[in-house]
Amino acid sequence: MMIIMKTTATKAEVRHVLQRVKDLNLHPHRIAGSERNVIGVVGDGRPVEPTAFIRLPGVASVIPISKPYKLASREFYPENTLIPIGEHVVGNGTPIIIGGPCAVESREQILEVAQSIKAAGAHALRGGAFKPRTSPYSFQGMGEEGLKLLAEARDLTGLPIVTEVTSPELVPLVADYAEVLQIGARNMQNYALLKAAGISNRTVLLKRGMSATINDLLMAAEYILSKGNQNVILCERGIRTFETATRNTTDINAIPVLQALTHLPVILDPSHSTGHWEYVSALARSGIAAGADGIIVEVHPDPANALSDGEQSLKPKRFTTLVKQVNAIADALKMAEISTNPLQ
Ligand code: PEP
Ligand code: MN
């Protein structure tokens with residue numbers, strides 16, 4: 001539930017309400033950046049009576065949150081959560097463009113990609129150092145050596161780093177090197193990992209599991225938020241369907257649906273959702289037209305010899321064209337004052 005304080009509520013009255021929440025073994029969450037003085041209250045699933053708070057001094061009203069994901073819901077926070085990454089603010093209407101290889105493979109490779117995506121106009125560099133591969137015999141990533149190379153690429157280009165973390169023990173290490181911790185599709189319901197990311201001070205890019213519903217994704221985000229980390233970006237990366245012509249099926253529906261249900265930014269990964277470089281640009285364009293807050297795209301200087309996901313990676317030249325197309329769509333929507341907000 002949400003406790004809405006009166007605009008005239010004193011600090012002592014707010015403190016008193018917070019104390020009452022804790023006395024009932026519930027967890028209070030102050031909503032940072034909200035114009036309203038609101039306290040979110042999350043329990044352990046047992047019903048909580050609004051009457052426990054409604055008569056306390058300074059309280060204006062108590063509103064139940066109907067969704068199982070409390071902190072992630074738009075009921076809890078009706079505005080968009082804005083998340084700075086480098087010089088870009090995700091969620092403010094201008095799409096973030098993240099590019100880079102599936103995996104960091106060598107110094108030459110990552111520095112070359114970083115420079116080319118920077119020149120194309122990307123805002124952040126992606127690249128896996130710890131790779132969760134379906135096969136134990138596939139390339140598993142360069143580990144910390146890969147993180148060091150990503151840091152070098154950041155020094156060279158100024159691009160912030162997005163990289164995957166695959167286990168809770170690795171969160172502090174990856175957080176030392178990267179601005180954004182990616183939690184991959186295969187780990188979306190790794191609750192120990194979600195909790196560890198929730199206590200780190202890094203932004204989390206949470207990818208939808210390939211067989212996860214939208215509700216599952218939001219419940220996974222709730223794990224991170226409930227540990228105190230407000231900076232979560234959701235990523236649609238395609239789901240498994242009966243279709244076999246593409247690696248996954250891009251659930252474009254998920255973009256407006258998520259934006260209606262949550263205040264968290266939503267980006268699209270057209271690379272994993274299609275699995276073929278030929279289709280990546282089309283899906284990236286459609287994601288932006290549907291209102292995505294950005295895209296994350298795999299780019300490799302030599303896709304034919306990539307150690308992972310070469311078949312869905314764009315060459316830098318094609319990525320440069322894609323960035324122009326995506327920006328043109330975003331500009332056209334703005335110029336025509338077409339709102340992509342599903343609630344308007
Ligand atoms: C990736 O981004 O390279 C990746 C492994 O993605 P996903 O977790 O969506 O499969
Ligand atoms: Mn990949």
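In which order do the four strands of the open sheet lie, and is their pairing parallel or antiparallel?

Tutor: This is a predicted model, in which local features need pLDDT of at least 70, side-chain atom pairs count only at pLDDT 80 or more, totals for chains, interfaces and linings use all residues, and side-chain values use heavy atoms, without hydrogens or water. Residues are numbered from 1 along each chain as its sequence is written, while chains are lettered from A and ligands numbered from 1 in the order in which they are written.

The order is 2-3-1-4, and the pairing is antiparallel. Strands (E, at least two residues) and helices (H or I, at least four) are DSSP runs, numbered from the N terminus; two strands pair if DSSP finds at least two bridges between them. Strand 2 (27-30) and strand 4 (59-63) are at the edges with a single partner strand each, so one side of each has no neighbour in the sheet. On average, neighbouring strands are turned by 25° against each other, direction ignored.

Strand 2 runs antiparallel to strand 3 (residues 38-42), and four bridges join them. Within this pair, Pro28 is opposite Val41 of strand 3. Helix 1 (residues 11-23) packs on the sheet and touches strand 1 (2-5), strand 2, strand 3 and strand 4, where contact means heavy atoms within 4.5 Å. The direction of helix 1 makes about 145° with that of strand 2. Such angles run from 0 to 180 degrees between N-to-C directions, with axes fitted to C-alpha atoms, for helices over the stretch in contact.
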